[in-house]
Structure formats: structure tokens, C-alpha cells
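Me: Could you walk me through the strands of this protein? I am new to reading structures.

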Amino acid sequence: MSQLAEKHGRSIRWIQKQLDHAPVASVLPAPQPIIALGDTTFFRRGYGVLVVRCPRLKRNLHFREVASETSSEYAHARRVLEEQGYVIEAAVLDGRRGIAGVFADIPVQFCQFHQIAIIRRYLTSRPKIEAGKELRALALTLPIATESTFAALLDIWFKKWESVLKERTYSSDGTHWSYTHRRLRSAYRSIRTNLPHLFTYERYPDLKIPNTTNSLDGYFSKLKQLLNTHRGLTIKRRYRLIQEILANLSQQKVN
């Protein structure tokens with residue numbers, strides 16, 4: 001902010017005052033059917049911004065400060081949009097547990113890249129055992145696979161490695177045990193549980209549903225980059241700046 005003040009020959013206090021009182025310029029498109037692409041980015045623990053974007057309109061239609069990413073926050077976002085007259089035809093989400101239930105009456109697509117990230121988190125980018133290597137390789141095909149092919153290959157993987165998933169490690173006294181490959185089990189369970197929502201876009205071609213939340217991820221990266229040039233803002237001023245950036249970046253192309 002000091003650089004901005006110097007550039008325009010104004011004091012930091014003057015710029016802060018302008019920021020506090022400037023209206024957020026955001027004219028939303030007319031109410032119409034939309035695809036609701038929703039995700040949340042966090043700036044620190046307990047403080048983030050939930051954004052709902054319509055990729056078809058190339059606009060961010062809703063944003064709100066949140067303490068955590070919960071189903072109640074998404075329910076609020078949906079209620080606000082519908083009260084404004086928008087008809088949500090489908091939702092694209094990151095797959096966080098419970099949130100899909102908010103949109104249970106419409107098609108829901110889980111972001112395939114988020115699913116790949118979940119698998120990477122459990123298995124790392126270089127799994128040590130062969131079962132993990134094969135499951136990671138299969139997950140990486142999500143963006144190019146069809147639902148029938150992917151489901152069939154996942155079944156083949158499970159039958160091949162079912163015994164490995166069931167392996168147990170016993171305590172020295174033999175009275176307690178745990179699954180030997182718990183992270184492998186978690187990775188498989190995640191992709192198996194989410195499978196019904198990973199290819200929704202394929203089942204509703206007329207809706208042109210994106211298979212990822214990438215268009216929002218790009219805006220989040222740009223948003224944080226811009227905010228880094230204005231460090232030291234109060235939370236209230238930071239959010240006003242976030243609102244302005246999200247409103248003005250809505251129709252811009254983000255690399």
C-alpha cells in the first residue's frame with residue numbers, strides 16, 4: 001500500500017479512507033439457469049472466502065467470508081442465488097464430505113483434479129508398493145477416461161490387490177492389529193466412494209458441466225497474488241479488496 005500511496009502522491013491514511021468508503025462495483029447478470037461452480041480458498045486458519053462462479057457466464061456470482069468450508073455455508077450460497085432468481089442446473093464441487101447433499105436434487109460433479117490431489121496426498125507422488133503405483137497411475141487417467149472404462153479398471157485393480165488391502169500388522173504380543181496399508185486403503189476408499197460423482201458431466205452432455213473447479217483455482221491464485229502487494233490490511237479492508245478483485249476479475253482471462 002505504501003507503494004500505491006507513493007505512486008499517486010497520497011498518504012496511506014487517505015488511501016485507506018477511500019478503500020473503506022468505496023462501493024464494490026459489481027453488476028450481476030440477469031437471473032437465468034446456471035452451473036454453480038463452488039469452492040473456498042483460505043488466507044489463514046479460520047478465515048477464507050467461498051466463491052460460486054458460473055463458467056458459462058464467466059462470472060463470479062457469489063462470494064462470502066467463511067470460517068470453515070461447511071455444508072451450511074454452501075446451503076446459504078445456494079439460497080442467496082436462488083432468491084436472486086438464478087436456477088442452478090448442476091453444481092461442481094471439490095468433493096468435501098457432506099457438501100454434495102446441499103445439491104442432492106440436481107446433478108453434482110466432483111472436481112477430478114481434487115480427487116487426484118487426494119490420491120497423491122495418501123500415496124505421495126512416488127508410492128513405494130506396486131499396488132499404490134498402479135492406483136495412482138489409474139487416478140491420473142481421470143480427466144481422459146470414460147466412466148465405464150475407469151470403473152472397470154478400478155474393479156480390476158481391486159480384485160488384483162484385495163489381499164494386500166486386507167493385510168494386517170499385529171502388535172508384538174499378538175493382541176492388537178491394524179491394517180498394514182492404511183493409506184492405500186484410504187486412497188481406494190476415497191475414489192470408490194466419490195466415483196458416482198466423478199463423471200456426472202459425461203451423463204449430462206447438454207448441460208456442458210466442467211469436470212474440474214480449475215477456473216476458480218486460477219482466480220484464487222491470482223487473488224492471492226494481488227493481495228500480496230497490499231499486506232498489512234485489516235480484515236475488513238482486506239475483504240473489501242477481495243470483493244473488488246473478485247468482481248472485476250470475473251470476466252477477465254486468468255492464466
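Me: In what order do the strands of the open sheet lie?

Reply: This is a predicted model. The sheet is open, with 5 strands and mixed pairing. The order is E3-E2-E1-E4-E5.

Me: Which strands are the edge strands?

Reply: An edge strand here pairs on one side only. That holds for the strand at residues 59–66 and the strand at 108–110. They are E3 and E5.

Me: By how many degrees are neighbouring strands of this sheet turned against each other on average?

Reply: Direction is ignored for this angle. The average is 25 degrees.

Me: How many bridges join E1 to E2?

Reply: Strands of a sheet pair through backbone hydrogen bonds, either parallel or antiparallel. E1 and E2 (residues 47–54) run antiparallel. Phenylalanine 42 has glycine 48 in E2 as its bridge partner. The number of bridges joining E1 to E2 is 7.

Me: Which residue in the turn of the E1 and E2 hairpin has a positive phi?

Reply: The hairpin has 2 residues between its strands.

Me: In which sense do E1 and E4 pair, parallel or antiparallel?

Reply: E1 spans residues 33–44, and E4 spans residues 87–93. Alanine 36 has alanine 91 in E4 as its bridge partner. Leucine 37 has valine 92. Over 5 bridges, the sense is parallel.

Terms used
Residues are numbered from 1 along each chain as its sequence is written. This is a predicted model: local features need pLDDT of at least 70, side-chain atom pairs count only at pLDDT 80 or more; totals for chains, interfaces and linings use all residues. Side-chain values use heavy atoms; hydrogens and water are left out. Two strands pair if DSSP finds at least two bridges between them. Helices (H or I, at least four residues) and strands (E, at least two) are DSSP runs, numbered from the N terminus. Axes are lines fitted to C-alpha atoms, for helices over the stretch in contact, and angles run from 0 to 180 degrees between N-to-C directions.
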